[in-house]
Amino acid sequence: MPRVATRAVRPKILIILHQETSSPGRVGHLLLENGFDLDIRRPPLGDELPETLDHHAGAVVFGGPMSANDHDDFVKRETEWLAVPLKENRPFLGICLGAQMLVNHLGGKVEGHGEGLVEIGWYPLEPTEEGRQLMHWPEMVYQFHREGFSLPSGAKLLATAETYPNQAFRYGDNAWAIQFHAELTRVMMHRWVVRGAHRFVLPGAQPGRDHLGGRLIWDMHLKRWLTEFLEVIFGKPER
């Protein structure tokens, strides 16, 4: 009898999103291209999080319109759940809200700027010496937040900026956090610009045309950085 070809089991990355319409965007695309499958969970919609990451190669917690300081049950449960990747030393990436949840879990502080400034648009990024030793960083990154975070005790700062000094850090061997957004596809950015237009009047925010115009200039460099960054965190499965 002819042998039936079997599909090799691809390792899974746990993807945690916070809205029904949210997408892992470019992060999801790159992980799939690198040989991973995606296990997508949405805790605000009732999805449970695994008690262990034994069956996952790592996890990514994305952003969302809520605050890491909100009192919703899912925010508390998700923040407490971060003990799982930390205890098991599994590769973990927190993006914006995900980064802020990690900071709260580690005993840091998440709060707005003292003068009410926000980062909504494209802003300069400066790697620290630790960050430069790790990789090359983009000069400009896309932001969409009204709160920042302190640097948790024991964390290593990788990148900084003027308004919100803590932009990227590493904690331990495998926990990583970034304040900015490299995951947006062109369609996602258009959606954010339309749905988030009411925030462009906030102090420090940029008008929508600058979001889209900046993408034409800087997004190629941001995508190149993200490709390398994800490989640093998750590597590539053995084929």
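Entry 1: I take helices (H or I, at least four residues) and strands (E, at least two) as DSSP runs, numbered from the N terminus. The model is a predicted one, in which local features need pLDDT of at least 70, side-chain atom pairs count only at pLDDT 80 or more, and totals for chains, interfaces and linings use all residues. Residues are numbered from 1 along each chain as its sequence is written, and side-chain values use heavy atoms, with hydrogens and water left out.

I then asked how much of α4 is covered. Buried means under 20% relative accessible area, exposed over 50%, and partly exposed in between (1.4 Å probe, protein chains only). The buried residues of α4 are Leu97, Gly98, Ala99, Gln100, Met101, Leu102 and Val103.

**Entry 2: the whole chain.** I counted 7 helices and 12 strands in the protein chain. For 239 residues, a compact globule would have a radius of gyration near 18 Å, and the protein chain agrees with this at 18 Å. That radius is taken over C-alpha atoms, and the globule rule is 2.2 Å times the number of residues to the power 0.38. The C-alpha trace spans about 70 × 40 × 40 Å along its principal axes.

I noted that buried residues make up 50% of the 239 residues. The accessible surface comes to about 12200 Å², of which 51% belongs to carbon and sulfur atoms; areas come from the Shrake-Rupley method with a 1.4 Å probe, and for residues only the protein chains shown count as cover.

I also looked up contacts, meaning heavy atoms within 4.5 Å. Among those between residues at least 6 apart in sequence, 72% join residues at least 24 apart.

**Entry 3: the open sheet.** I traced an open sheet of 8 strands, in the order β2-β1-β3-β4-β12-β11-β10-β7, with mixed pairing. At its edges stand β2 (37-41) and β7 (126-127), each with a single partner strand, so one side of each has no neighbour in the sheet. Two strands pair if DSSP finds at least two bridges between them.

Within this sheet I examined β1 (residues 12-16) and β3 (residues 58-61), which pair in the parallel sense over 4 bridges. Ile13 stands opposite Gly58 in β3.

**Entry 4: Ile15.** Leaving aside its neighbours within four places in sequence, Ile15 is in contact with Pro24, Leu31, Leu38, Asp39, Ile40, Arg41, Val60 and Phe62. I also checked Glu48, 33 residues from Ile15 along the chain; the two C-alpha atoms are separated by 12 Å.

**Entry 5: β6 and β8.** I found 5 of the 6 residues of β6 (residues 119-124) buried, so this strand is largely enclosed by the rest of the structure. Strand β6 pairs with β8 (residues 140-145) in the antiparallel sense, over 6 bridges. Ile120 stands opposite Phe144 in β8.

**Entry 6: Ser153.** I located Ser153 in the loop between β9 (147-149) and β10 (156-160). Ser153 is exposed, with a relative accessible area of 66%. Its C-alpha atom is separated by 22 Å from that of Leu125, 28 residues apart along the chain.
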